[in-house]
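Reader: I am new to this structure and would like to learn how to read it. Could you take me through it feature by feature?

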Amino acid sequence: MGKAYTLDKKAKCGQCKNPIKEGDIFTIIYADDGSGKIEHLLCDNCEVDDMIQEYRNTGIVSSKLSMEAAMAEVHLVEFKGDSLHRLRADARHFLLKYKKDLLELVEGNKKIGDAIQKFEEKHWLPYIKKYWNDATMRGHEAKIGDMKAMMWGSAGRVLITLEKGKYDLTMIFSDYEGQTTPNGGQQGIHAPVSIALDMIETATKAEKIKFEVEEKVKLAGL
Ligand SMILES: [Zn+2]
């Protein structure tokens, strides 16, 4: 963002060539050589956050992006935009500029949350929790078809990471024995939503998931 920079009347975006006027948000791109010479300006449309760009290019949702979407849900959906003034200007700008992407991600988060609930009902609550609470070791591993499941936990929280090739999805559950209804959720993700859903559904469909002690599993998903 330009500080003591005076905008030329004919200033244009170096990428899309649209005019940049006073009051517009823009970025100054400096020359690589460290001379401080201005290479060109970039308008707000052309300056796309790296995380969003990666998502648009590959469909891959990162944990950070998923958290930004959870944030967007609070401000854009729950409070219908009424709470935006409480945010820092840059955070507000991020939510509004990428509203469409973020709301799409909110939907993804919801579908993943629902799928995790089914996993919890079929596998975590009925028998994996007991296996975990009876175990003395913290690291466990299981094979589910071509996926690997890793389990690790501490302080009443248990993480199960599903890993398939370069993609992973981490779920979090409570080991409290008195809790009999699902209250787990998503803890981490590096996968397109459709693949993450497929991974959770495949795990849910498995008849039984047989975890075994695997000391190499230290901190699943983190
Ligand atoms: Zn532009």
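Reader: What percentage of the 222 residues in the protein chain do buried residues make up?

Author: A residue is called buried if 20 or more other C-beta atoms, placed from the backbone, lie within 10 Å of its own, exposed if 12 or fewer do, and partly exposed in between. In this protein chain, buried residues make up 27% of the 222 residues. Please keep in mind that this is a predicted model, in which local features need pLDDT of at least 70, side-chain atom pairs count only at pLDDT 80 or more, and totals for chains, interfaces and linings use all residues. Residues are numbered from 1 along each chain as its sequence is written.

Reader: Which pLDDT does the protein chain average?

Author: The pLDDT is the predictor's confidence in each residue, from 0 to 100. The protein chain averages 93, and 96% of the residues score at least 70.

Reader: How many helices and strands does the protein chain have?

Author: Helices (H or I, at least four residues) and strands (E, at least two) are DSSP runs, numbered from the N terminus. Here there are five helices and nine strands. The radius of gyration, taken over C-alpha atoms, is 23 Å, well over the 17 Å that the globule rule (2.2 Å times the number of residues to the power 0.38) gives for 222 residues, so the protein chain is more spread out than a compact globule.

Reader: Where do the domains lie?

Author: Domain bounds come from an automatic or database domain assignment, which here gives domain 1 (10-50) and domain 2 (117-221). The C-alpha centres of domain 1 and domain 2 lie 46 Å apart.
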